[in-house]
Amino acid sequence: MSRLFGTDGIRGRANVYPMDAMTAYKLGVAVAHLLKQDTKTPKVLIGRDTRRSGAMLEGAILAGICAAGAEAVLVGVIPTPGVAYLTRTTHCQAGIVISASHNPFVDNGIKIFAHDGYKLPDAREDEIAALVQNGAIDKLTEEPHLVGQARVFKGAKERYIEALLESFPRGMDLDGLSVVLDCAHGAAVQTAPEVFRRLNAELHLIGIAPDGTNINRGYGSLHPEQLALVVKEKGADLGVAFDGDADRAIFIDHEGNEVDGDTIMAICAQDLKERRLLKGNTLVATVMSNIGLALAMERLGINLERTQVGDRYVVERMLQQDFTFGGEQSGHLIFRNHSTTGDGVLAALQVLAIVRQRGKTLQELGRVMTKSPQVLKNLTVSYKPPLDMLELSQKAIRQTEEALGKEGRVLVRYSGTENKVRVMVEGPDEATIHQHVDRIIRALDSELN
């Protein structure tokens with residue numbers, strides 16, 4: 001049987017295994033059962049995004065938690081980092097988020113945080129999966145008089161909003177700064193606008209009318225085109241786009257240009273170093289980050305450590321070495337002095353604080369690094385054998401690496417959440433690297449489809 005958990009929890013089509021109500025119920029039972037080994041009546045916090053299927057899965061997980069004799073604490077629609085924050089600052093033993101992040105509304109996902117606000121390690125996820133998949137769930141439920149209860153956590157969003165505001169420099173606000181927020185019709189709609197209002201920003205909002213089916217559709221961090229148009233139309237200083245669960249952010253400068261996670265990491269790492277807050281003088285990024293980021297960090301005298309793709313791996317490296325800042329090109333940014341996971345709203349506040357303190361535009365700050373041309377293409381595949389077994393594809397990869405030499409690099413990997421293979425090539429000339437990517441894609445297609 002395939003592994004239930006991927007690189008970012010469980011994910012799939014809504015109402016289809018493993019994103020069906022029965023599996024969600026079993027998951028609730030399994031989580032509660034394992035927590036009861038250490039706590040008599042554990043509390044499990046549950047939050048979700050705006051997808052239509054979210055309430056269905058929330059109800060199923062709630063039922064499983066209560067059937068196993070634990071307490072379910074409901075916070076409703078809230079960003080993923082809000083669940084992480086509330087889990088670690090309350091008496092909850094775990095937190096569960098129902099969201100498929102940047103995926104379309106027909107998908108959904110479930111990820112679990114431990115009591116300390118960090119995602120569960122693989123070994124703990126495997127324990128939960130074994131209970132869900134071994135057919136013994138009925139033996140883990142309680143007698144009628146020991147069934148758990150569910151309650152709504154009133155004031156949960158306000159508590160999270162206050163924590164975000166506390167991360168902003170004391171005595172500073174955003175008065176006079178024009179900001180466009182794109183909430184992707186997702187989890188940020190009930191929190192992000194309020195945070196920026198309280199900081200007195202001149203605020204323009206898009207992507208704030210969720211209907212259960214429009215999350216991430218044409219809006220959000222994967223579709224910044226609309227945000228760019230509004231930034232230019234309003235003459236705003238910058239724009240910020242979140243994804244469906246608001247754990248990542250992509251920025252738009254005043255001219256409508258996208259500023260991705262690599263450039264934002266360079267800006268923030270430089271600022272943290274100058275304020276002596278960059279522990280270990282190190283930035284943690286993934287293998288997807290642009291060569292330009294590595295070159296910028298070298299010029300600034302900052303160490304760059306790379307991990308495999310996935311914000312969980314960035315966080316793991318940060319914890320292992322006690323580093324304080326890291327992230328991904330996709331916009332997951334982890335400020336460990338403030339949060340245990342990527343938080344798009346928190347990241348936006350940190351960047352805006354730098355803009356305000358330095359008196360520079362985001363475009364000017366972004367000149368700290370120069371990106372090398374990078375092309376990334378995805379191929380949907382029928383199955384996922386080890387890449388090193390694919391003779392034609394490996395030959396195409398080697399030929400590309402030889403052609404690029406030290407001026408570029410190649411990265412080919414499977415998606416951890418979808419049946420896709422991703423091909424990324426960097427080099428000095430965009431037209432040439434497009435040709436390299438297409439050649440590798442053709443080889444992969446011939447062997448995987």
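Some terms come first: two strands pair if DSSP finds at least two bridges between them. Helices (H or I, at least four residues) and strands (E, at least two) are DSSP runs, numbered from the N terminus.

This is a predicted model: local features need pLDDT of at least 70, side-chain atom pairs count only at pLDDT 80 or more, and totals for chains, interfaces and linings use all residues. Residues are numbered from 1 along each chain as its sequence is written, and side-chain values use heavy atoms, leaving out hydrogens and water.

Now the sheet. It is open, with 3 strands in the order β16-β18-β17, and its pairing is antiparallel. At the edges sit β16 (374-380) and β17 (409-414), each pairing on one side only. Between β16 and β18 (residues 420-426) there are 7 bridges. Val375 stands opposite Val425 in β18.

What packs on this sheet? Helix α13 (residues 391-404) does, touching β17 and β18. Contact here means heavy atoms within 4.5 Å.

On to the cores. A nonpolar core is a set of buried Ala, Val, Leu, Ile, Met, Phe, Trp, Tyr and Cys residues joined through side-chain atoms within 4.5 Å. Buried means under 20% relative accessible area, with a 1.4 Å probe and protein chains only.

The largest nonpolar core has 69 residues. Phe196, Phe242, Phe251, Ile264 and Phe325 have the most contacts inside it. Helix α11 (residues 344-358) gives the most to this core: 10 residues.

Look at Phe325. Beyond its neighbours within four places in sequence, its contacts include Met265, Leu272, Val284 and Phe335.

A second, separate core has 36 residues, among them Leu4, Ala30, Ile96 and Ala114.

How values were computed: Axes fitted to C-alpha atoms, helices over the stretch in contact; angles between N-to-C directions. Buried < 20%, exposed > 50% of the residue type's maximum accessible area, 1.4 Å probe, protein only.
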